[in-house]
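Subject: Structure handover

Hello,

Here is the structure for you to look through. Please open it first, then read the notes below it.

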Amino acid sequence: MTRQLTGAQIVVKVLKDQGVDVVFGYPGGAVLPIYDEIFKQNDIKHVLVRHEQGATHAAEGYARATGKPGVVLVTSGPGATNAVTGMTDALMDSIPMVVLTGQVPTFMIGNDAFQEADTVGITRPCTKHNWLVRETDNLAQTMHQAFHVATSGRPGPVLVDIPKDVQFANGNYINPAKANKGHYSPRVKGDIEQITALVNLIENAEKPIIYSGGGVINSGPAASALLRELANSTKFPVTSTLMGLGAYPASSDQWLGMLGMHGTYEANMAMHGCDLMINVGARFDDRITGVVSAFSPNSKKAHIDIDPSSINKVITVDVPIIGDCGHVLEDLLKIWKSRGRKTQAGSVQKWWNQLKEWRAVNCLSFEQKGNIIKPQYALQRLEALTKKHDRYVTTEVGQHQMWAAQFMDFNDPNRWMTSGGLGTMGYGFPASIGVQMAHPKSLVINVAGEASWLMNMQELGTAIQYRLPVKQFILNNERLGMVRQWQELLHGERYSSSWSEALPDFVKLAEAFGAKGIQVQDPADLDEAIIEMINYEGPVVFDCQVEKHENCFPMIPSGKAHNEMLLGDASTEGAIEASGAVMV
Amino acid sequence: MKVKKGTSRRSAYNLQSLYGDEIETHTLAVIVDNEAGVLARVIGLFSGRGYNIESLTVAEIDHQGHRSRITVVTTGTPAVIEQIKAQLGRLVPVHDVKDLTVEGPSVERELALIKVAGKGDMRAEALRAAEVFRVKVVDSTLESFVFEITGAPEKIDAFTEMMRPLGLVEIARTGVAAIMRGK
Ligand SMILES: Cc1ncc(C[n+]2csc(CCOP(=O)(O)OP(=O)(O)O)c2C)c(N)n1
Ligand SMILES: [Mg+2]
């Protein structure tokens with residue numbers, strides 16, 4: 001039986017029935033009826049952020065750390081436009097997110113009403129799908145469908161735009177089980193013939209590599225477990241994209257480290273020299289491939305991806321498998337085992353000898369000397385002092401992000417949240433808030449650059465209000481470090497606007513909000529300061545003043561191939577040619 | 001690595017630049033839910049990703065089921081055409097994407113209304129040509145005709161070229177509707 005409720009009541013009821021426990025949002029005229037209903041209940045917690053962009057990144061952090069969709073509630077017009085960056089970020093990184101926006105009443109749409117924006121039009125290219133609900137009777141149905149679309153197939157952000165009169169009017173409620181999900185249901189099972197073709201390649205490979213991505217994490221913990229089983233039972237080496245860190249444990253000997261532009265030497269050389277590449281839930285992003293024409297020239301390539309449009313988009317593959325990583329890995333293992341668990345063990349062992357030689361280059365080495373903290377050293381100490389904790393790490397975007405990926409180890413999925421595809425400065429702090437909401441007892445650290453952190457620093461108010469003890473570990477080089485690095489390598493050392501000038505006193509800033517501020521300059525004080533940060537019960541802003549001109553290596557310069565990587569001590573002069581300079 | 005031939009469909013050894021290939025023209029039939037904004041989604045995909053639209057027709061084909069059929073004629077390298085199909089296929093309101101150019105023989109038809117103005121010989125000549133092309137006259141005054149022509153796009157092109165020196169004033173074309181032959 002259906003029940004008559006107001007639109008606003010329907011919104012809250014759908015959220016409850018979908019198992020939502022927290023909503024990140026910001027009120028305004030066009031969502032007041034919904035906020036009124038939120039006020040009248042206690043099941044769903046609302047987190048009042050300080051800027052709608054913060055709400056979207058917090059929802060992303062929550063989603064990444066739980067596997068559940070993040071939910072955002074904002075008002076019409078500026079509320080909706082402020083949410084655009086986070087939706088684009090979630091689209092690029094395939095994060096499930098449901099954004100609810102208020103809209104001016106249906107009878108005023110198109111009149112340039114106060115705080116009217118064509119939200120569905122603006123967000124069409126940055127959502128997986130979006131809806132404008134014109135009748136209260138369709139609201140429950142549409143919202144249930146929105147949750148379905150956000151979480152099935154390749155996950156992503158969806159938006160439901162709800163005019164104010166639709167929130168006031170009465171309509172029928174239907175529960176999730178009765179809702180019509182529409183025809184959208186991407187296939188999860190891979191083609192058995194193709195999976196068998198991959199088994200055949202696995203049995204014959206002499207120089208294999210597994211290249212895993214965010215798809216494994218999105219598929220859920222079972223997929224990570226299957227990935228481990230595949231790697232451990234074949235003895236194949238594993239590398240992963242930035243988005244995939246943690247799906248395979250960094251503590252394993254078979255782990256080669258991250259690949260790509262700032263990936264390890266051994267991972268990139270292995271990608272270049274392999275004869276079989278098994279891509280599990282990654283998408284051959286340009287940060288990974290380097291110049292496409294020279295990408296892994298002598299390998300057979302298999303690609304497992306739930307999104308058919310990812311297959312053959314950048315790299316033409318030999319064995320395309322469309323399906324969910326978990327389902328495909330399960331079938332793959334079943335077939336491989338039933339055929340006698342064959343590999344070319346002798347050749348793979350030889351391959352390992354080569355890999356170990358590359359690993360011995362020790363591409364991440366750096367020297368901590370003198371009384372200035374190297375950013376790598378700061379992260380090495382942070383890793384050492386926090387690795388035993390139940391720990392989650394978010395990052396901002398820049399050099400510090402790459403160093404965090406290089407120097408921190410992730411042994412489980414859903415522990416590492418970073419803005420990969422869009423590279424959004426300002427992501428990390430609100431994301432850490434979302435993670436801490438999901439895991440109130442855990443240690444949540446945002447590894448930040450001072451410039452990125454300032455982009456959403458207003459969320460310190462949110463952290464204080466909700467008593468979220470997030471640790472803001474700022475590697476303060478007083479530079480837009482990554483920009484400065486590119487200017488050094490590409491633009492004749494003309495450092496155009498890449499200084500972080502007029503920086504605040506971060507300790508005072510923290511204190512002004514009621515948080516703790518810690519500043520360190522001397523390497524000798526670092527450990528003690530980190531321990532103080534960990535032990536403090538509330539939010540901490542940690543101003544770690546580091547070497548200002550450190551560059552992030554290894555680096556595959558744009559327009560170059562994997563085997564043309566720059567290592568730290570090598571000459572970098574003229575490393576990027578004019579043809580590479582046009583690339584981003 | 002020793003792998004038997006035929007274990008995989010394509011070889012990574014001939015990785016070619018997507019842009020080196022020949023440009024092809026394909027006719028795609030896209031079946032969609034006829035909901036608000038669906039055409040904007042399809043067109044936005046083309047403009048946002050830099051694909052071409054040569055021709056586009058849309059109309060509801062199932063009023064009860066609220067389904068529309070969008071026929072798009074597009075050009076690109078084979079790899080780009082494959083991307084276009086995959087990208088269309090993942091739009092939530094899209095039910096089916098058929099590539100009529102590769103899925104077997106299909107018929108393509110377009111309708112055009114063509115206005116020609118002239119007197120005397122020119123007028124007589126235009127009418128003669130129209131008969132040859134089996135074109136209907138749907139409006140006539142002493143100084144003008146409106147012709148209705150239906151056929152493959154090339155036939156319409158040929159007819160309009162013929163009309164150009166004979167006083168062509170205006171052309172309205174529907175764009176292509178296409179369907180597979182046989183059952
Ligand atoms: C919103 C946004 N604007 C601009 C950029 C371009 N960008 C990439 S890294 C970077 C510098 C980041 O500086 P900081 O946060 O201090 O990190 P660092 O590189 O110094 O570690 C900039 C400006 C971006 N990624 N995001
Ligand atoms: Mg910086």
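A salt bridge, as used here, is a side-chain nitrogen of Lys or Arg within 4 Å of a carboxyl oxygen of Asp or Glu. The side chains of B:R90 and A:D307 form one, with 2.5 Å from N to O.

Some ground rules. This is a predicted model, in which local features need pLDDT of at least 70 and side-chain atom pairs count only at pLDDT 80 or more, while totals for chains, interfaces and linings use all residues. Residues are numbered from 1 along each chain as its sequence is written, chains are lettered from A and ligands numbered from 1 in the order in which they are written, and side-chain values use heavy atoms, with hydrogens and water left out.

Chain A against chain B

The count between chain A and chain B is one salt bridge. Seven residue pairs are in polar contact between these chains, both residues at pLDDT 80 or more. A polar contact is a pair of N or O atoms within 3.5 Å; within protein, one must be able to donate a hydrogen and the other to accept it, and residues adjacent in sequence count only if both atoms are side-chain atoms.

Which elements of chain A each supply at least two residues of the side that touches chain B? They are β6 (129-132), α9 (192-204) and β13 (300-305). Helices (H or I, at least four residues) and strands (E, at least two) are DSSP runs, numbered from the N terminus. The largest share, six residues, comes from α9(A). By class, this side of chain A has 13 nonpolar, eleven polar and eleven charged residues. Here Ala, Val, Leu, Ile, Met, Phe, Trp, Tyr, Cys and Pro count as nonpolar, Asp, Glu, Lys and Arg as charged, and the others, Gly among them, as polar.

In total, 35 residues of chain A are in contact (heavy atoms within 4.5 Å) with 25 residues of chain B. The two chains bury about 2,700 Å² between them, and carbon and sulfur atoms give 52% of it. Buried area is the accessible area (1.4 Å probe) that two parts lose on being put together, summed over both. In chain A, the residues that lose the most area to chain B are A:R124, A:H129 and A:H183, together 21% of what that side buries.

Inside chain B

Chain B has domain 1 (24-99) and domain 2 (106-180), with bounds from an automatic or database domain assignment. Seven residues from each domain take part in their contact. The domains bury about 510 Å² between them, 50% of it on carbon and sulfur atoms. On the domain 1 side, B:T27, B:T57 and B:R69 lose the most area, together 55% of what that side buries. How many salt bridges cross this interface? The rule finds zero. It does find four residue pairs in polar contact.

A sheet in chain A

Six strands of chain A form an open, parallel sheet in the order β16-β15-β17-β18-β20-β19. Strands pair if DSSP finds at least two bridges between them. β16 (416-417) and β19 (516-520) stand at the edges with a single partner strand each, so one side of each has no neighbour in the sheet. Strands β18 (471-476) and β20 (540-545) of chain A pair over six bridges. There, A:Q472 stands opposite A:V541.

Two backbone details

Most residues other than glycine have a negative phi, and most peptide bonds are trans. A:S94 has a positive phi, near 55°. The bond between A:F553 and A:P554 is cis, with omega about -5°.

Best wishes
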